[in-house]
Amino acid sequence: MVKIDDIKKTLEDIDNVLNKRRGLGGSPLAYITRDVLTLPEHTPGEVDQGFGMPSREAELVRRTRHDGSACRQDNRVVWAIILVRHVAYGGLAWAWVSSFGRHENGNEAYHTLRTHYFGDSFTTRVVTKADATIEKLYWDGRAKNYSLETFFEQLNKAYTDLDENGTDLDENGEPIPEAKKVRHLLQSIRDPRLEAAKNSDTHRENFEASMSHLAHTLDMIKTTTVSTRNMSTTQTYGGQGQGRGRGCRSGRGNARGGRFGRGGRGRGRGGRRASAFDPNDPGKSYSPKDWRTLSIEEQAMCRAARAENPGGGGARPRAVATLGTVPEAGAPAPASSGGPGIGRDRNQNG
């Protein structure tokens, strides 16, 4: 164990191993570290727990004798478990158990660790830290590496530490009610996006349900925001900004490149003009400048409309200029079959 915060978990791990591992006589090794050594029938104040209680495993732990060669061997195994698997040489805990190494006394080493690290001084440190966490902790959604879930975990752990150390009490010595935890939770949430959720929270008496309500609301807000951004990106073809790259459209100024560019610092304002497309007359004529404002889909609609109605809209047929000289007033009109100005009647020519 290197950090004091790891001690609690370390001792819990030792307990789990001792409950699963069997000694020479078949009993769980946890019998070595039990607090009361005398048998139940020889222990004053021992109360019968009722029919079928305790379980067989608990009964083995409670009744296996602490004498004989099997017990001494099991005691050495417990020492090895504590030393090899959980306590490193030179660590914080080694100073408290090193004196038991000569006789490999696992029982004494185990109880020394629990007495030192779960005594009044250790409990006071845990409680003080938990109180400070509850008092100072808040969440405003600004830090990218500090999620709402992390905030919930830290706050819930602080209340759990108080409960496990028997100090989860209010100023009147009563257990902290769920409503008070919920009020403090809502006061600690400072993200404006969750104001409506805080006001509409119906789980005023359930701390866990209130946290779930806030988390679900934030997920819905994030999902809606992402959908809105995607829609905006689909409908927008350009924008002002600063970037580096080449683009077909550029002007003077800093811009994110135009339509076919890779974005960039171009010469010009890369923002796109509003589309000049007229849905009421899709086949109308557009100037080159207006044509460039049309999207690919709008250009396709325009071509299709012109193909269906070649003479309608703005696609007017070009007038062919008449060759030759316009005849003067009173002069005979040109013949329809001949070239302009050539087909006069031979009789007129004399």
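This is a predicted model: local features need pLDDT of at least 70, side-chain atom pairs count only at pLDDT 80 or more; totals for chains, interfaces and linings use all residues.

User: Let's zoom in on α6. What span does that helix reach?

Analyst: Helix α6 covers residues 120–136, and its 17 residues reach 24 Å from the first C-alpha to the last, close to the 24 Å expected at 1.5 Å a residue; the expected span is 1.5 Å times one less than the number of residues.

User: Which residues of α6 are buried?

Analyst: They are F122, T123, V126, V127, A130 and I134. Seen down the axis of α6, these buried residues fall within an arc of 130 degrees, so they line one face of the helix; the arc is that of the directions from the helix axis to the C-beta atoms. On the other side of α6, E135 and K136 are exposed.

User: Why would residues spaced like that point the same way?

Analyst: An α-helix has 3.6 residues a turn, so residues three or four places apart point the same way.

User: What does the buried face of α6 pack against?

Analyst: The buried residues of α6 pack against α5 (106–117), α7 (148–164) and α8 (178–188), with contact meaning heavy atoms within 4.5 Å.

User: Now α1, please. Which of its residues are buried, and which are exposed on the face turned away?

Analyst: In α1 the buried residues are I7, T10, L11, I14, V17 and L18, and they cover an arc of only 120 degrees around the axis, which puts them on the same side of α1. The face turned away from that buried side carries the exposed residues K9 and K20.

User: What about the largest nonpolar core, how many residues has it?

Analyst: The largest nonpolar core has 26 residues, and those with the most contacts inside it are L18, W79, I82, V97 and L113; such a core is a set of buried Ala, Val, Leu, Ile, Met, Phe, Trp, Tyr and Cys residues joined through side-chain atoms within 4.5 Å. The elements giving two or more residues to this core are α1 (7–20), α3 (69–86), α4 (94–97), α5 and α6, and α3 supplies the largest share, six residues. A second, separate core of 25 residues includes L137, L148, L185 and L194.

User: Changing topic: where is T293, and is it buried or exposed?

Analyst: T293 lies in the loop between α11 (288–291) and α12 (296–308), and T293 is buried, with a relative accessible area of 7%. A polar atom of the T293 side chain lies 3.1 Å from the backbone nitrogen of A276, and a polar atom of that side chain lies 2.5 Å from the backbone oxygen of D290.

User: And D191, what does that residue touch?

Analyst: D191 is in the loop between α8 and α9 (195–199) and counts as buried at 3% relative accessibility. Leaving aside residues up to four places away in sequence, D191 touches W139, D140 and G141. The side chains of D191 and R193 are joined by a polar contact of 2.7 Å, meaning a pair of N or O atoms within 3.5 Å; within protein, one must be able to donate a hydrogen and the other to accept it, and residues adjacent in sequence count only if both atoms are side-chain atoms.

User: Last one, what is the phi of E104?

Analyst: E104 has a positive phi of about 50 degrees although it is not a glycine. E104 lies in the loop between α4 and α5 and, at 32% relative accessibility, counts as partly exposed.

Technical notes
Residues are numbered from 1 along each chain as its sequence is written. Side-chain values use heavy atoms; hydrogens and water are left out. Helices (H or I, at least four residues) and strands (E, at least two) are DSSP runs, numbered from the N terminus. Buried means under 20% relative accessible area, exposed over 50%, partly exposed in between (1.4 Å probe, protein chains only).
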